[in-house]
Amino acid sequence: MLRKIDWESQIGRRLKLRDLHVFSTVVQRGSMAKAARQLGVSHPAVSEVIADLEHALRVRLLDRSAQGVESTIYGDALLKCSVAVFDDLKQGIRDIEFLSDATTGEVRIGSMEAPWFTLLPDAIRRFSQQYPRVQVNTDLIDHSEAFLALRERRYDCVLIGIEMGLLGKVADDLTVEILYDDAVIVVACAHSKWARRPKIDLAELIEEPWVVGGSRAWGRPMAEEIFGAAGLSYPNPRIATNSIILRAGLIAGSPYLGMFLTSVLRRLIAHNYALTALPVDLHANAISIAIVTLKNRTLSPVVERFLACAREVAASFAGKPAGRAARPRVRRPNGR
């Protein structure tokens with residue numbers, strides 16, 4: 001029979017934030033002794049906190065062994081809610097700080113490389129001009145960890161690129177806001193023999209030297225689909241790298257070819273890279289650059305202000321050409 005835990009007598013009067021912090025530290029360290037050293041308390045004090053928690057909840061939270069401790073399924077559930085509790089508390093403190101002084105606070109952003117290179121610099125500059133005392137923390141992240149990082153509350157938001165056809169497959173606990181649409185293009189050195197051509201078929205380029213993203217790169221499956229849709233095998237690349245700057249540096253002044261988003265090429269050209277978009281119709285899905293946030297997590301006022309700056313910068317990207325070649329029209333999510 002399911003045992004019902006009485007909140008008032010078992011939890012409400014006995015459970016403290018300090019207890020959750022101790023428990024979380026024990027799980028993270030995998031040892032009560034290591035947790036005690038990190039917290040600056042005695043080993044018996046940590047053991048007593050864990051024992052009291054297990055007594056209050058009437059379940060075993062940790063499995064003990066000679067190698068240390070490991071969270072049980074009950075411990076995992078408590079740890080999950082502990083992350084949310086401490087995050088909400090930190091958010092509340094940040095809100096209080098901002099309400100008491102609207103020029104201070106912190107914003108934590110994770111970003112994939114494309115928006116990191118194109119959108120984020122201008123958004124941070126605009127935001128920092130308005131709020132010079134707010135600390136902006138950013139990390140360059142891989143697409144595979146973006147959503148996990150949000151759920152673990154490491155970031156207030158993440159900036160990602162996502163194929164429009166996959167928008168409906170995003171998990172229900174996430175909110176996706178499209179900032180602007182982009183497209184994949186073939187790029188060559190501005191002085192390449194291909195740069196003078198008015199129209200190029202992708203099949204003509206298959207034997208050329210290519211610089212592409214690595215096997216785990218976000219855009220690699222999409223690039224493979226582009227070649228496959230044209231009835232072509234994926235080219236055997238001379239060089240594979242996930243770095244936008246390295247790919248751009250290799251293509252500029254050499255016979256290499258590559259694929260970039262239009263916004264990325266526009267920024268590279270602005271940085272004086274001798275690159276151009278080739279007139280190749282790729283029949284590729286549109287790419288959306290988006291802000292993703294955790295659906296049931298209230299964002300602090302200072303984070304909302306940063307997102308407003310990101311939207312303003314993104315609005316300036318709409319409709320800008322990437323190079324001399326005309327690009328296929330990108331269909332927006334609202335049908336325009």
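Student: Hi! Which residues does Gly161 touch, leaving out those up to four places away in sequence?
Tutor: Hello! In this predicted model, Gly161 touches Met112, Trp218, Ile287, Ser288 and Ile289, once residues up to four places away in sequence are set aside.

Student: What's the C-alpha separation between Gly161 and Trp218?
Tutor: Their C-alpha atoms are separated by 8.4 Å, while along the chain the two residues are 57 residues apart.

Student: And where does Gly161 lie?
Tutor: Gly161 lies in strand β5, which covers residues 157-163.

Student: Is Gly161 buried or exposed?
Tutor: Gly161 counts as buried, because its relative accessibility is 8% and the cut-off for buried is under 20%.

Student: What about Cys157, buried or exposed?
Tutor: Cys157 has 0% relative accessibility, so it counts as buried. Cys309 is buried too, with a relative accessible area of 2%.

Student: How many disulfides does the structure hold?
Tutor: Zero disulfides are found in the structure.

Student: Let's zoom out. How many helices and strands does the chain have?
Tutor: There are 12 helices and 12 strands in the chain.

Student: What share of the residues is buried?
Tutor: Of the 336 residues in the chain, 45% are buried. The accessible surface of the chain comes to about 17700 Å², and carbon and sulfur atoms account for 52% of that surface.

Student: What percentage of contacts join residues at least 24 apart?
Tutor: That would be 76%, counting contacts between residues at least 6 apart in sequence.

Student: Now a sheet, please. What is the strand order in the open sheet of three strands?
Tutor: The order is β10-β7-β11, and the pairing is antiparallel. Strands β10 and β11 (275-277) stand at the edges with a single partner strand each, so one side of each has no neighbour in the sheet. From one strand to the next, the twist averages 40 degrees.

Student: Which helix packs on the sheet?
Tutor: Helix α11, residues 262-270, packs on the sheet and touches β7, β10 and β11. The direction of α11 makes about 105 degrees with that of β10.

Student: How many bridges join β7 and β10?
Tutor: Strand β7 (residues 184-189) pairs with β10 over five bridges, in the antiparallel sense. Val184 stands opposite Leu261 in β10, and Ala188 stands opposite Leu257 in β10.

Student: How many of the five residues in β10 are buried?
Tutor: Strand β10 runs over residues 257-261, and five of its five residues are buried.

Student: Which residues sit on each side of β10?
Tutor: Leu257, Met259 and Leu261 are on one side, with Gly258 and Phe260 on the other, and both faces are covered. In a regular strand, side chains alternate between the two faces of the sheet.

Student: Switching to α2: what length does that helix reach?
Tutor: Helix α2 takes in residues 17-29, 13 residues in total, and reaches 18 Å from its first C-alpha to its last. That is close to the 18 Å expected at 1.5 Å a residue.

Student: Which residues of α2 are buried?
Tutor: The buried ones are Asp19, Leu20, Val22, Phe23, Ser24, Thr25 and Val26.

Student: Last one: which residue takes a positive phi just after α2?
Tutor: That is Gly30, with a phi of about 70 degrees.

Methods: Residues numbered from 1 in each chain as written. Predicted model: local features only at pLDDT ≥ 70, side-chain atom pairs only at ≥ 80, totals over all residues. Heavy atoms only, no water. Helix = DSSP H or I, 4+ residues; strand = E, 2+ residues; numbered from the N terminus. Buried < 20%, exposed > 50% of the residue type's maximum accessible area, 1.4 Å probe, protein only. Contact = heavy atoms within 4.5 Å. Areas by Shrake-Rupley, 256 points an atom, 1.4 Å probe, with all protein chains shown as cover. Pairing = 2+ DSSP bridges. Expected span 1.5 Å × (residues − 1). Disulfide = S-S within 2.5 Å. Axes fitted to C-alpha atoms, helices over the stretch in contact; angles between N-to-C directions.
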